[in-house]
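Hi,

Here is the structure I promised to pass on to you. Have a look at it first, and then read my notes below.

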Amino acid sequence: MSVVDIGSLSVSFKRGLSHFIALQVEQIQIAPGECFGLIGGSGSGKSTLLRVLAGLHRDWQGAVQLFGQSLTAQRAFSGTLRRDVQMVFQDPYASLHPLHRIRRSLREPRQINGLPFDEASLVASLEQVGLPGEVLERFPHQLSGGQRQRIAIVRALQLQPKLLLLDEPTSALDMTVQAEILNLLQRLRRDTGMTMILVSHDINTVAHLCDRALLIKRGCIEQRLDRAELSARAEGG
């Protein structure tokens with residue numbers, strides 16, 4: 001069974017008195033444990049696709065399944081989907097409250113879902129991404145950009161998702177920190193076997209992590225790239 005199975009998907013937005021199609025794609029299947037890339041420039045539709053799969057954008061038409069369960073447009077995720085699908089944003093402040101200590105930000109997902117909060121396990125999770133337990137006492141503004149992104153990843157992993165959605169998770173970071181985050185994601189995928197979808201405008205970032213990718217332009221699939229084609233494009237610049 002595929003983790004993601006899209007037969008067709010169309011998303012349109014209102015512009016003035018008319019509508020324009022922002023995304024129109026067909027036949028996307030993503031297998032368990034796969035890292036799948038979505039490549040495209042700003043406004044290409046790649047992040048729109050990710051937000052549909054995250055349940056954040058509900059105004060769409062088509063046939064979409066996650067874990068064999070058909071999604072319904074206009075309806076929020078319920079049941080296990082709320083835990084099985086988690087998202088990491090480009091800007092960690094999207095998931096970290098600036099006035100809450102890191103401990104509270106990491107504790108809330110488990111509390112909301114009625115899960116026990118084990119501080120020892122949380123400290124172990126922080127150490128897994130190269131952070132000391134003492135960051136639990138800090139506020140987001142007291143951390144560097146790379147540290148905040150690591151915290152955002154740990155927060156997304158608190159519910160042990162089966163599908164992790166990554167929306168430009170390294171584009172706001174410098175080159176050294178980018179490499180550290182990508183290596184972290186690669187290690188997490190290897191250790192947990194979770195499925196990942198990575199959105200990026202950078203072919204090198206996608207080639208570093210992904211097994212396959214779609215090149216999206218003006219809301220449509222322009223090209224489907226396998227592992228060899230990704231590597232060749234990255235090497236060719």
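Which residue just after α1 takes a positive phi? That is G55, with a phi of about 80 degrees.

Before the rest, some ground rules. This is a predicted model, in which local features need pLDDT of at least 70 and side-chain atom pairs count only at pLDDT 80 or more, while totals for chains, interfaces and linings use all residues. Residues are numbered from 1 along each chain as its sequence is written, and side-chain values use heavy atoms, with hydrogens and water left out.

**The four-stranded sheet**

Helices (H or I, at least four residues) and strands (E, at least two) are DSSP runs, numbered from the N terminus. Two strands pair if DSSP finds at least two bridges between them. With that in hand, look for an open sheet of four strands, in the order β2-β1-β4-β5 and with antiparallel pairing. At its edges stand β2 (18-30) and β5 (69-70); each has a single partner strand, so one side of each is left without a neighbour in the sheet.

Strands β1 and β2 run antiparallel and are joined by eleven bridges. Within that pairing, R15 stands opposite S18 in β2. The hairpin of β1 and β2 has two residues between the strands, and G16 takes a positive phi near 70 degrees there. On to the next pair: strand β1 (residues 4-15) and strand β4 (residues 61-66) also run antiparallel, with six bridges joining them. Here S10 stands opposite Q61 in β4.

Helix α1 (residues 46-53) packs on this sheet and touches β1, β2 and β4. Contact here means heavy atoms within 4.5 Å. The direction of α1 makes about 115 degrees with that of β1; for such angles, axes are lines fitted to C-alpha atoms (for helices over the stretch in contact), and the values run from 0 to 180 degrees between N-to-C directions.

How much of α1 is buried? Six of its eight residues are, so the helix is largely enclosed by the rest of the structure. Buried means under 20% relative accessible area, exposed means over 50%, and partly exposed is in between (1.4 Å probe, protein chains only). The buried residues of α1 are K46, T48, L49, L50, V52 and L53.

**Phi angles and rings**

Most residues other than glycine have a negative phi. Q27 is not a glycine, yet has a positive phi of about 50 degrees; you will find Q27 in strand β2. F67 is not a glycine either and has a positive phi of about 55 degrees. F67 is found in the loop between β4 and β5, and counts as buried at 19% relative accessibility.

F67 turns up again with a lysine: the charged end of K162 sits over the ring of F67, 5.9 Å from its centre. (A charge sits over a ring if NZ of Lys or CZ of Arg is within 6 Å of the ring centre and within 35 degrees of the ring normal.)

There is also one aromatic pair in the structure. Its rings are those of F13 and F20, with centres 6.1 Å apart and planes at 45 degrees, so the pair is tilted. The rule is that rings of Phe, Tyr and Trp (its six-membered ring) pair if their centres lie within 6.5 Å; planes under 30 degrees apart count as stacked, over 60 as edge-to-face and the rest as tilted. F13 counts as partly exposed at 29% relative accessibility, and F20 is partly exposed at 29% too.

**The six-stranded sheet**

Another open sheet has six strands in the order β6-β7-β8-β3-β9-β10, with mixed pairing. Its edge strands are β6 (85-88) and β10 (220-225), each pairing on one side only. β6 pairs with strand β7 (residues 163-167) in the parallel sense over four bridges, and the bridge partner of V85 in β7 is L163. Helix α5 (residues 145-157) packs on the sheet, touching β6 and β7, and its direction makes about 175 degrees with that of β6.

**Cysteines**

How many disulfides are there? The count comes to zero, where a disulfide is a pair of cysteine sulfur atoms within 2.5 Å. For C210, the nearest cysteine sulfur is that of C35, 3.6 Å away. C210 counts as buried, at 0% relative accessibility, whereas C220 is partly exposed at 36%.

Cheers
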